[in-house]
Amino acid sequence: IFCTPATAAVNSPITVTWTGPANEGDYITVVARSAADGQFGNYTLTSSGSPLKVPALKEPVEAELRYMSGQGGQVLARRPITITK
């Protein structure tokens, strides 16, 4: 579902190539890996197309990119990514 780099620098854009349902309100977000399902951080709506760019987090952390349903905030897919200095 995702094609992304394994790492990204803080505050840099993460290019995400994705496939999925692209329902109204669906989005791809980046969060700390420890974040509960349903939480979101920086995100971009899937209506932006593929590939899209999501801003990386502001601190170095083990993170996840998550494809989130716009109806109910369910995680449909996830991929680990390391945010580095």
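**Note on the strands, core and salt bridges**

1. In this predicted model, strand E6, residues 52–55, has side chains that alternate between two faces.

2. E6 belongs to an open sheet of three strands, ordered E1-E3-E6 with antiparallel pairing. Its edge strands are E1 (2–3) and E6, each of which pairs on one side only.

3. Strand E3 (residues 13–18) runs antiparallel to E6, and four bridges join the two. Within E6, Lys53 is the residue that stands opposite Thr15. Two bridges join E3 to E1, again in an antiparallel arrangement. Here Trp18 in E3 is the bridge partner of Phe2.

4. Which residues have the most contacts inside the largest nonpolar core? They are Ile14, Val16, Ile28, Val30 and Ile81, in a core of 17 residues. Two or more residues of this core come from each of E3, E4 (27–32), E6, E7 (61–68) and E8 (75–84).

5. Leaving aside residues up to four places away in sequence, Val30 touches, among others, Ile14, Val54, Leu65 and Ile81. The contact list of Val30 also includes Gly41, Asn42 and Glu64.

6. The structure holds five salt bridges. One of them joins the side chains of Arg33 and Glu62, at 3.2 Å from N to O. Arg33 is in the loop between E4 and strand E5 (42–45) and Glu62 is in strand E7, so this pair ties together parts 29 residues apart in sequence. Arg33 is partly exposed, at 37% relative accessibility, and Glu62 is also partly exposed, at 42%.

7. A salt bridge also joins the side chains of Arg78 and Asp37, at 3.1 Å from N to O. Because Arg78 lies in strand E8 and Asp37 in the loop between E4 and E5, the pair ties together parts 41 residues apart in sequence. Arg78 is partly exposed, with a relative accessible area of 39%; Asp37, at 51%, is exposed.

8. Are Glu64 and Arg66 buried or exposed? Both Glu64 and Arg66 are buried. Their side chains meet in a salt bridge, at 2.7 Å from N to O. Glu64 and Arg66 are also part of a network of salt bridges that links them with Asp37 and Arg78. In general, side chains of opposite charge can pair when their charged atoms come close.

Note on methods: Residues numbered from 1 in each chain as written. Predicted model: local features only at pLDDT ≥ 70, side-chain atom pairs only at ≥ 80, totals over all residues. Heavy atoms only, no water. Buried < 20%, exposed > 50% of the residue type's maximum accessible area, 1.4 Å probe, protein only. Pairing = 2+ DSSP bridges. Core = buried A, V, L, I, M, F, W, Y, C linked by side-chain atoms within 4.5 Å. Contact = heavy atoms within 4.5 Å. Salt bridge = Lys/Arg side-chain N within 4 Å of Asp/Glu carboxyl O.
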